[in-house]
Amino acid sequence: MPLRDVSEVETVAGDFNDGLDHPEGVTWGPDGQLYAGGEAGQVYRVDPDSGAITQIAQHEGFLGGVACDAEANVYVCAAYGGAVVRADSDGTVTEISRGTADLPMETPNYPCFHPSGDLYVSDSGEWDHDTGRIYRVRPDGSTDLVSEAPRYFANGMCVDAAGEWLYVVESQMPGVSRLRVLADGTLGERQVVATLPGDVPDGVQFDVEGTLYITLYTPSRIYRLEPTGRIQVLVDDPNHTQLSSPTNIVFGGPDLTDLFTANLGRWHLNRLRMPVPGIPLAYPAPIAV
C-alpha cells in the first residue's frame, strides 16, 4: 500500500489539459524558480508560488532533462537533436556539446552537475539496443566519454550527498545503478542499486537521510529506496491523471521539502510536501563556450 495518498499530490502549474507542453525535465533553480522543458522545444520558468508559466527560450524538437548553473542558465538535453544546449535568461540558446568526435551523442537525456563543476550527461542510445553511455562536459567546455557501463537506456541521474557516486536510472534494466566518481572526474565501477522488474523507471533524487526517490514513467508511481535497500511505494496513481507518467523529479522550496515532478503524459508539474528535505543541487559557474 502506498505511504501517501495521491490526493496529497498538488498541481503547481498547468492543469488537466493545458499549461506546459508534456514536460519531461524539471529542476529547481538557484533563484527559487522551477525550470522545465517542452515537447516542441520550449524552455519554461515556473513560479512555484503563483504557478505562472513563462517561456524563456525556444529550441528545436523534444527537450528532456534540465539543470541550472549559478546564474540560473538552463542546460537542456535536446533528446532528438543530439546535443546539450544552454538557454540563458535573455532567451539566447547556445550549443554546449554534441559528445565527442569519435562518438557523437545519440539521445542525450539528462544533465547532472557535480559539485566539481563537471556536467554529466546521460545518453540513452536507442531503445532495445543497450547503447546507453555517460558523457562529461568540463567547466572549460570540453567533452569526454566517461562510461559505457550503464547501457540499458541510461536516463535520469543524481549525485549523492558526498559527491562520491553518480546514480543512474537504467530504464531497460530496469532499475538504478551507480558509478563511482573518481578524483579526476572520470567514472569507475558500476554497481546495481535496485532492480524494478516490470517497471520503467525514469528519474532519481536523494533526501538528506540517504533515501532515494525514483519516479516511474510506467506505471505512474514514485518509489522510495531506503539506505537499507528496502523499496516502498511512496505514491501511486492508477488513474494516470494527477501523476501521469512522472519523469524527472527534484527537491525544492525554501527548505527543500517540496518534491516536484514533471508529467510527460500531461501538461502540469506536481508537488508533494515531504517531512525530510532533499540534498541541495550543485550550481557551478557557467560552462565556458
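Start with the largest cavity, whose volume is about 50 Å³. A cavity here is a set of points, on a 1 Å grid over the protein atoms alone, where a 1.4 Å probe fits but cannot get out; the volume is the space filled by probe spheres set on those points, which are joined across faces, edges and corners. Counting cavities of 30 Å³ or more gives 1. Before you go on: this is a predicted model, where local features need pLDDT of at least 70, side-chain atom pairs count only at pLDDT 80 or more, and totals for chains, interfaces and linings use all residues. Residues are numbered from 1 along each chain as its sequence is written, and side-chain values use heavy atoms, with hydrogens and water left out.

**Stop 1: the cavity lining**

Select V9, I222, V235, L243, L259, T261, N270, R271 and L272 to show the lining, meaning residues with an atom within 4 Å of a point. Colour them by type and you get 6 nonpolar, 2 polar and 1 charged. In this scheme Ala, Val, Leu, Ile, Met, Phe, Trp, Tyr, Cys and Pro are nonpolar, Asp, Glu, Lys and Arg are charged, and the others, Gly among them, are polar.

Which strands each supply at least two residues of this lining? They are β23 (258-263) and β24 (269-273), and β24 gives the largest share, 3 residues. Strands are DSSP runs of E, at least two residues long, numbered from the N terminus.

**Stop 2: salt bridges**

A salt bridge means a side-chain nitrogen of Lys or Arg within 4 Å of a carboxyl oxygen of Asp or Glu. The count for the model is 15.

Next, pick R221 and D236, a salt bridge with its closest N and O atoms 2.9 Å apart. R221 lies in β20 (residues 221-225) and D236 in β21 (residues 231-236), so this pair ties together parts that are 15 residues apart in sequence. Are R221 and D236 buried or exposed? Both are buried, that is, under 20% relative accessible area with a 1.4 Å probe and protein chains only; exposed is over 50%, and partly exposed lies in between.

Now jump to R180 and E189, whose closest N and O atoms are 3.5 Å apart in their salt bridge. R180 is partly exposed at 31% relative accessible area, and E189 is partly exposed too, at 42%. Then select E8, which forms a salt bridge with R4 at 2.7 Å between the closest N and O atoms; E8 is partly exposed, at 34%.

**Stop 3**

Switch to cartoon and find the open sheet of 4 strands, ordered β6-β7-β8-β9 with antiparallel pairing. Strands pair if DSSP finds at least two bridges between them. At the edges stand β6 (63-68) and β9 (93-97), each with a single partner strand, so one side of each has no neighbour in the sheet. Neighbouring strands here are turned by 30 degrees against each other on average, direction ignored; the axes are lines fitted to C-alpha atoms. Zoom in on β8 (residues 83-87), which 4 bridges join to β9, and look for A87, whose bridge partner in β9 is V93.

Finally, move to another open sheet of 4 strands, β10-β11-β12-β13, also with antiparallel pairing. Its edge strands, β10 (108-113) and β13 (143-147), each pair on one side only. Inside it, 5 bridges join β11 (residues 119-123) to β12 (residues 133-137). End the tour on Y120, standing opposite R136 in β12.

Definitions and conventions: 1 Å grid on protein atoms, 1.4 Å probe; cavity = no way out; pocket = protein on both sides within 12 Å on 5 of 7 lines; lining within 4 Å. Axes fitted to C-alpha atoms, helices over the stretch in contact; angles between N-to-C directions.
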